[in-house]
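Please read this note alongside the coordinates. The points run from the whole chain down to single side chains.

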Amino acid sequence: MQSKPLGICLIIDCIGNDTEVLQDTFTSLGYDVQICLYPSMSHLIQILRQVAHKPQHQDYDSFVCVLVSRGGSQSMFGVDQTHSGFPLDQIRRMFMGDACPSLLGKPKLFFIQNYVVSDSLPEDSSILEVDGPAVNNVDSKARQPGPCTVHREADFFWSLCKADVSLLERPSSSPSLYLKCLSEILRKERRRPLLELHLELNDSVYDWNTRVSLKERYYVGLQHTLRKKLILSCK
């Protein structure tokens, strides 16, 4: 990737413990960081739609979105929590090739910290890693050859970390371990594919999970449809 900046990095933080570190990290990687703090549900959806339709994507080589919020197992809340939650899958659809053609064929990286309110966390596993294209939601018609050689779901990197919401209810609420490790790994001065860095992130989370109670664990899952190796390095 060679554009300057590399793309927009949208940070939506409904918690407020991680914004500064994330901003410094993705600025150092060469992104135009745009921050949305403490949005309501309606504002959150509005911001996502506005960013998905920004004309600047045409001139940039990639896009990053970091989401930090309470939520259900597959949804996120705004600070009002007056709704059942906005489905994470709908967020991904906003940036698919048919909805956001200016990002078609370009890496779209999502890092999500979801503090789950319901009792839907896994009980035993501490890491769920899915390497390779996520094709479960690709229908048979979409796989047929067509005039466009790039599938609308191509080039997504979807890293989702779930943790129990009780981590936020302690007297001294601390930053997300997942986002802390992510920032530390990305800021190291080296050139390694993003998938390798995510494996290192998994190792750090796994080590943490072996030393704490179930309520303190983080559960990381990855789906990606990247077609090429992606390397990020600090400027």
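1. Provenance. This is a predicted model, in which local features need pLDDT of at least 70 and side-chain atom pairs count only at pLDDT 80 or more, while totals for chains, interfaces and linings use all residues. Residues are numbered from 1 along each chain as its sequence is written, and side-chain values use heavy atoms, with hydrogens and water left out.

2. Elements. The chain has 5 helices and 8 strands; helices (H or I, at least four residues) and strands (E, at least two) are DSSP runs, numbered from the N terminus. Their order from the N terminus is β-α-β-α-β-β-β-α-β-β-α-α-β.

3. Burial and surface. Of the 235 residues in the chain, 52% are buried, where buried means under 20% relative accessible area, exposed over 50%, and partly exposed in between (1.4 Å probe, protein chains only). The accessible surface is about 11600 Å², and carbon and sulfur atoms account for 50% of it. Areas come from the Shrake-Rupley method with a 1.4 Å probe; for residues, only the protein chains shown count as cover.

4. Contact range. A contact means heavy atoms within 4.5 Å. Taking contacts between residues at least 6 apart in sequence, 80% join residues at least 24 apart.

5. Helix α5, length. Helix α5 covers residues 194-209, which is 16 residues, and at 1.5 Å a residue it should span 22 Å. The expected span is 1.5 Å times one less than the number of residues. The end C-alpha atoms are 22 Å apart, so the model agrees with that value.

6. Helix α5, packing. The buried residues of α5 are Leu 194, Leu 197, His 198, Glu 200, Leu 201, Asn 202, Val 205 and Asn 209. They pack against strands β6 (108-116), β7 (156-164) and β8 (218-224), and against helix α4 (177-187).

7. Glu 200. This residue of α5 has a relative accessible area of 19% and therefore counts as buried. Its side chain makes a polar contact of 2.9 Å with the side chain of Arg 192; a polar contact is a pair of N or O atoms within 3.5 Å, and within protein one must be able to donate a hydrogen and the other to accept it, with residues adjacent in sequence counting only if both atoms are side-chain atoms. Leaving aside residues up to four places away in sequence, Glu 200 touches Ile 185, Lys 188, Arg 190 and Arg 192.

8. Thr 19. Helix α1 (residues 19-28) contains Thr 19, which is buried at a relative accessible area of 9%. The side chains of Thr 19 and Asp 13 are joined by a polar contact of 2.6 Å. Beyond four places in sequence, Thr 19 touches Asp 13, Ile 35 and Leu 37.
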